[in-house]
Amino acid sequence: MASLLMICRKAPYGTSYAREAIDIALAASAFDVDVAMLFTDDGVLQLVKGQNTDNTGSKNVESVLSSLPLYDVAPILVNEAALSERHLTTGDLNLPVELCQPGELPTLCAKYDRVLTI
Amino acid sequence: MTDAILHLVQQSPTASSALRDCLAVAGPADSIVLMHDGVYAAMEKPSAHTCYALQSDLEERGLQGRTDPAVTLIDYSGLVELCDQHRHNLSWF
Amino acid sequence: MKYSLLVLGSPQSTPAVRSALRFAEAAVASGHELFRVFFFHDAVTTGNGYTVTPQDQESLPQAWQTFGQAHNVDMVLCISSALRRGVVNTRESDRYKLQGANALEGFDLSGLGQWVEAMLVSDRIVTFGG
């Protein structure tokens, strides 16, 4: 089975990139691709717990993300440095994640057939 | 072909965190390509990595002759060649 | 080698679509096969046939159309990005009862599965961001 590492770097609501990156991950998973996701840089902000879109009318990124485990997207990795730079800890996140370190990127990418950043 | 990564930095180093975020995770054997507004980072080679810049984007912005000589200038066929040589390329924007 | 390109940035306000075209031309000139170009996000307006470009500038919709036809490149506009931005072919125009169709010939409207397939069959993928 082919594998994809989707690297998510964008904050959830300022642009539609976050949602579109998740859409690619879900589509790949539906085509039997082994999908992993890495949230880094502003992308870690997508995982913040308690997003409320009732008054903005946008699609709730938190609830879209909650479907990742159902689609067998795993592992869901988070760059710990990006998290702490934004004053967040794993307790602030809406999904169980695995922490990784910035220096791990090259070895991580080498494990996957395809790597995409959005 | 190499497992080292080719990083395509496509945003200005001062307006965007793209270059900084890229350099924070790039491995020592990785290479950096500066393109679009990313070429503004070619004025001073941004890191110890092998670094390339897209000449047409530099020229468009009036940077010809002003870039760090340690940054190698390439055209689009040079960029294709670099992509050929690297198993993975990552875009930063 | 087999290449596929993911193009995201708007053709009007970012260099992404032009840059992807220059890359595509260079890849083909180097003897590579361009399997698919997937226009996603704002880049889908490249397929809008109602775009009017000032005469002293390169028309990217036309340039891509010409390039795609000359080299038999599969060019796909992400259907959900395209519908949101009002780029439709006759099929979608009829389905949503719109006034007309504006997608340029040579561009297909289809889903993300087309990009997933392109990732799987290509040796290299390159993303042109916003």
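The following questions and answers explain how several descriptions of this predicted model are reached.

Residues are numbered from 1 along each chain as its sequence is written, and chains are lettered from A in the order in which they are written. In this predicted model, local features need pLDDT of at least 70, side-chain atom pairs count only at pLDDT 80 or more, and totals for chains, interfaces and linings use all residues, while side-chain values use heavy atoms, leaving out hydrogens and water.

Q: What makes up the fold of chain A, in helices and strands?
A: Helices (H or I, at least four residues) and strands (E, at least two) are DSSP runs, numbered from the N terminus. By this rule chain A has four helices and five strands. Their order from the N terminus is β-α-β-α-β-α-β-α-β.

Q: How do you know whether chain A agrees with a compact globule?
A: The radius of gyration is taken over C-alpha atoms, and the globule rule is 2.2 Å times the number of residues to the power 0.38. For 118 residues the rule gives a value near 13 Å; chain A has 13 Å, and therefore agrees. The C-alpha trace of chain A spans about 40 × 30 × 25 Å along its principal axes.

Q: Why is T67(B) called buried?
A: A residue is buried under 20% relative accessible area, exposed over 50%, and partly exposed in between (1.4 Å probe, protein chains only). T67(B) has 17% relative accessibility, and therefore counts as buried. This residue lies in the loop between α2 (55-60) and β4 (72-74) of chain B. Contact means heavy atoms within 4.5 Å; not counting residues up to four places away in sequence, T67(B) touches A42(B), M43(B), L58(B) and L73(B).

Q: Why is L104(C) called buried, and where is its place?
A: The relative accessible area of L104(C) is 17%, so this residue is buried. Its place is in the loop between α4 (90-95) and β4 (107-110) of chain C. Leaving aside neighbours within four places in sequence, L104(C) has contacts that include P61(C) and Q65(C). L104(C) and Q65(C) are 39 residues apart along the chain, and their C-alpha atoms are separated by 7.7 Å.

Q: Does N72(C) count as buried or exposed, and what is the value of its phi?
A: N72(C) counts as exposed because its relative accessibility is 71%. This residue is in the loop between α2 (60-71) and β3 (74-78) of chain C. Its phi is positive, about 55°, although N72(C) is not a glycine.

Q: What is the peptide bond from A74(A) to P75(A) called, and where is P75(A)?
A: Most peptide bonds are trans. The bond from A74(A) to P75(A) is cis, with omega near -5°. P75(A) is in the loop between α2 (61-65) and β3 of chain A.

Q: How do you know where the buried residues of α1(B) lie around the axis?
A: The buried residues of helix α1 (residues 18-25) of chain B are A18(B), L19(B), D21(B), C22(B) and V25(B). They cover an arc of only 165° around the axis, so they are on the same side of α1(B). The arc is that of the directions from the helix axis to the C-beta atoms.
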